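Subject: Handover of a structure

Dear colleague,

Please find the structure below, followed by an account of what was found in it. I would ask you to keep the model open while you read.

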Amino acid sequence: MSSQTRLTPGEAGGGVLRRYADVLPLTDATPAITLGEGDTPLVRSVRLEKDTGCGALYFKLESCNPSGSFKDRGMVVAVAKAMERGDKAVLCASTGNTSASAAAYAARCGLQAYVIVPHGRIAAGKLAQAVAHGACIVAIEGGFDDALRLAREVTDRHPIALVNSVNPHRIEGQKTASFEIVESLEDAPDVLCLPVGNAGNITAYWRGFVECYQRELATHKPVMWGFQAAGAAPIVGGAPVADPQTVATAIRIGNPASWTGATMARDESGGEVLAVTDEQILDAYRRLAQEEGIFCEPASAAGVAGLLQQANGGAELAGKTVVCVITGSGLKDPERAMEEFALELEPVAAELPAVEQEMGLA
Ligand code: F0G
């Protein structure tokens with residue numbers, strides 16, 4: 001790999017627009033907004049690496065972005081381009097994270113955010129974020145796919161920017177995660193594992209890796225392994241799912257907008273899009289928390305659940321460098337954590353003997 005062609009990392013916290021200006025569709029009129037997105041940690045596994053038999057296993061902690069998910073990378077570009085066009089408002093449909101991110105950047109930039117969400121199917125932390133940032137929230141009696149259809153209809157009729165990943169600027173921003181992984185590893189990984197919902201992210205990562213290869217920042221491209229929840233696996237089944245079901249609410253999507261992008265990433269990389277059950281997702285969620293110290297939301301654990309499934313199924317991983325994308329923070333969905341880890345607190349007296357007894361030290 002030629003060192004001259006490597007991107008020069010910007011100052012820490014400088015944000016995606018500044019750091020990746022030369023690979024993004026920016027002009028002199030694009031405002032240089034940032035909330036400090038990007039530049040997320042790539043941490044090596046301490047336990048699952050051995051269990052999966054990978055040569056090296058890393059987690060890309062996209063949960064460390066300012067609003068707690070990978071969405072910020074794409075949202076910063078989409079909002080900057082909306083401002084460049086003179087838009088005063090943004091709208092998205094969301095299972096939660098996109099709305100949290102859109103609301104944060106809109107608040108920062110003085111735009112009105114509108115979000116359409118499936119009523120009762122979005123994690124409490126995500127809704128709290130959209131509320132806190134002052135978004136106008138419309139909860140519909142329907143799922144994400146209905147919400148996205150309505151968001152497209154509203155933005156066709158009103159001068160409001162649609163900031164779902166059907167907006168090409170979102171994909172452009174999200175591809176920067178691939179550049180970061182390549183910079184950290186000084187080459188592309190052999191395998192990239194990630195959850196798939198609306199399929200924007202797998203599309204974006206693949207584009208990023210292709211561009212890294214074309215720019216000779218990487219000597220090869222990774223195999224892409226995308227994972228859908230078994231009850232919401234339209235790409236795996238080859239047909240839309242009318243009533244998708246999964247504990248991983250972020251990826252409860254029956255008709256992904258970037259379906260073609262996902263199948264292209266799969267086929268061009270020689271990869272797979274496969275299903276993992278809710279049980280496998282929650283098992284990976286627990287293992288990440290308790291064996292790796294990584295608290296993610298259930299959807300984020302789907303990529304790791306998929307890797308574990310592949311390893312158990314005999315996939316050849318020896319000597320391979322594998323990256324799993326941790327797409328969102330566990331703090332987004334505290335109710336799931338309380339349920340999963342069955343926490344019932346019984347207060348004890350505020351005295352040393354009682355505390356020692358409770359700790360099993362008496
Ligand atoms: N992981 C998390 C935490 C997500 O929030 C999403 C998508 C995905 C994975 C899947 O990514 O859609 O690009 O395939 N969340 C969207 C939202 C749909 O509205 O926040 P994708």
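**E172 and its surroundings**

E172 touches V23, L24, P25 and R207, where residues up to four places away in sequence are not counted; contact here means heavy atoms within 4.5 Å. The residue sits in helix α7 (residues 168–174); helices (H or I, at least four residues) and strands (E, at least two) are DSSP runs, numbered from the N terminus. Its relative accessibility is 14%, so E172 counts as buried. Buried means under 20% relative accessible area, exposed over 50%, and partly exposed in between (1.4 Å probe, protein chains only).

Some notes on the basis of these values are in order. The model is predicted, so local features need pLDDT of at least 70 and side-chain atom pairs count only at pLDDT 80 or more, while totals for chains, interfaces and linings use all residues. Residues are numbered from 1 along each chain as its sequence is written, and side-chain values use heavy atoms, with hydrogens and water left out.

**Nonpolar cores**

A nonpolar core is a set of buried Ala, Val, Leu, Ile, Met, Phe, Trp, Tyr and Cys residues joined through side-chain atoms within 4.5 Å. The largest one has 56 residues, and V90, L192, I202, Y205 and F209 have the most contacts inside it. Helix α3 (residues 71–85) gives the most to this core, with seven residues. Another core, of 35 residues, lies apart from it and has F59, V276, I294 and L317 among its members. In soluble globular proteins, nonpolar side chains tend to be buried together.

Which residues does L192 touch, not counting residues up to four places away in sequence? They are I181, Y205, F209, P222, V223, M224, W225, V323 and V325.

**Aromatic pairs**

The structure holds four aromatic pairs. Rings of Phe, Tyr and Trp (its six-membered ring) pair if their centres lie within 6.5 Å; planes under 30 degrees apart count as stacked, over 60 as edge-to-face and the rest as tilted. The rings of Y20 and F179 have centres 6.0 Å apart and planes at 50°, so this pair is tilted. It links distant parts of the chain, 159 residues apart: Y20 is in the loop between α1 (16–19) and β1 (42–44), and F179 is in helix α8 (residues 176–185). Both Y20 and F179 are buried.

Y205 and F209 form a tilted pair as well, at 6.2 Å centre to centre with 35° between the planes. Both residues lie in helix α9 (residues 200–214), four residues apart, about one turn of the helix. Y205 and F209 are both buried.

Helix α8 is mostly covered, with eight of its ten residues buried. Just after α8, E186 takes a positive phi of about 60°. Helix α13 (residues 298–312) is also mostly covered: 13 of its 15 residues are buried. After α13 comes G314, with a positive phi near 95°.

**The ligand**

The ligand is surrounded by 22 residues, of which S94, N97, N198, A199 and T327 are the closest; a residue is near a molecule if one of its heavy atoms lies within 4 Å of it. A polar side-chain atom of K71 lies 2.9 Å from a nitrogen atom of the ligand. A polar backbone atom of G197 is 2.8 Å from an oxygen atom of the ligand.

Yours sincerely

Note on methods:
A polar contact is a pair of N or O atoms within 3.5 Å; within protein, one must be able to donate a hydrogen and the other to accept it, and residues adjacent in sequence count only if both atoms are side-chain atoms.
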